[in-house]
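The following exercises are to be worked with the sequence and the structure in view. Each task is followed by a solution in steps.

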Amino acid sequence: MQTHPSSESLPPLVSSLVAPLPKPPMEALLSTLTRRLVARRPDLIRRLGDVVRVPIAIVPDDLPHAFLLSLDPDNSRVRICDKSRIGDARAIVRAPFLVLLGLLDGTYDGDALFFSRDLRIEGRTEHVLALRNTLEEADLTPGEFFGLSGQSADWVNTISDKLLGQVRAFAQKSAHADCSRQKLS
């Protein structure tokens, strides 16, 4: 597990490409996947306790939208909203998108990110800690998130790891190129 990302922000071009995408299909897909995960893994919901009924905002610094996550077993869902419209959230988690993914897949240590201020938490910290501890203990893989098992899950996990590694490498190269251009200016 790495303790600190060297540079994990997506290039601004990615944000400008994501901004016009229609939210309803993405919300429907993410909500369906979340509901299926909650149905397959009731242990996650039991571990979260009352936090399941609390909306938590996940705000990627480098994307134009925020994700409002509700894990209520009767109505789990993910809403995509403007960053200025997260008023329903009792807790807010802010970091670059790749850092947030790194927390989810176990690449990064959340405590180290918090103390280095790469990860910021607002509102009810105990809700975020409960979610973090539950996800960390669950050891979720992309394959499991998509409801797969066996060879299908292994294939998705391998592809996801490679793709995420390439995206991280691209983000780091872009950041280094931006730093070099700024020094020359």
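**Exercise 1. Determine how strand 2 and strand 3 pair, and over how many bridges.**

Step 1. Strand 2 (65-70) and strand 3 (77-82) pair in the antiparallel sense over 6 bridges. Helices (H or I, at least four residues) and strands (E, at least two) are DSSP runs, numbered from the N terminus; two strands pair if DSSP finds at least two bridges between them.

Step 2. One of these bridges links S70 to its partner R77 in strand 3.

Step 3. The two strands form a hairpin, with 6 residues between them.

Step 4. The model is predicted: local features need pLDDT of at least 70, side-chain atom pairs count only at pLDDT 80 or more, and totals for chains, interfaces and linings use all residues. Residues are numbered from 1 along each chain as its sequence is written, and side-chain values use heavy atoms, with hydrogens and water left out.

**Exercise 2. State which residues of strand 2 are buried on each of its faces.**

Step 1. In a regular strand, side chains alternate between the two faces of the sheet.

Step 2. On one side of strand 2, H65, F67 and L69 are buried, and on the other A66, L68 and S70 are buried, so that both faces are covered. Buried means under 20% relative accessible area, exposed over 50%, and partly exposed in between (1.4 Å probe, protein chains only).

Step 3. Since 6 of the 6 residues of strand 2 are buried, the strand is largely enclosed by the rest of the structure.

**Exercise 3. Identify the strands with which strand 1 pairs, and the sense of each pairing.**

Step 1. Strand 1 and strand 2 run antiparallel and are joined by 3 bridges. A hairpin of 4 residues connects them.

Step 2. Within this pairing, A57 stands opposite L68, and I58 has F67 as its bridge partner.

Step 3. With strand 4, strand 1 pairs in the parallel sense over 5 bridges. Here A57 stands opposite I92.

Step 4. Strand 1 (residues 56-60) has 4 of its 5 residues buried, so it too is largely enclosed by the rest of the structure.

**Exercise 4. Describe the largest nonpolar core and the elements that supply it.**

Step 1. The largest nonpolar core has 23 residues. A nonpolar core is a set of buried Ala, Val, Leu, Ile, Met, Phe, Trp, Tyr and Cys residues joined through side-chain atoms within 4.5 Å.

Step 2. The residues with the most contacts inside this core are L48, I56, L71, V93, L119 and L131. Contact means heavy atoms within 4.5 Å.

Step 3. At least two core residues come from each of helix 3 (42-48), strand 2, strand 3, strand 4 (91-95), helix 4 (97-105) and helix 6 (125-138).

Step 4. Apart from this core lies another, of 8 residues, among them A57, A66, L68 and I92.

Step 5. Leaving aside residues up to four places away in sequence, L119 touches V93, R94, A95, L100, L103, G110, L113 and F114.

**Exercise 5. Classify the 2 aromatic pairs of the structure.**

Step 1. Rings of Phe, Tyr and Trp (its six-membered ring) pair if their centres lie within 6.5 Å; planes under 30 degrees apart count as stacked, over 60 as edge-to-face and the rest as tilted.

Step 2. The rings of F114 and F115 have centres 5.3 Å apart and planes at 75°, so this pair is edge-to-face. F114 is partly exposed, at 35% relative accessible area, and F115 is exposed, at 67%.

Step 3. F145 and F146 also form an edge-to-face pair, with 5.9 Å from centre to centre and 75° between the planes. F145 is partly exposed, at 25%, as is F146, at 43%.
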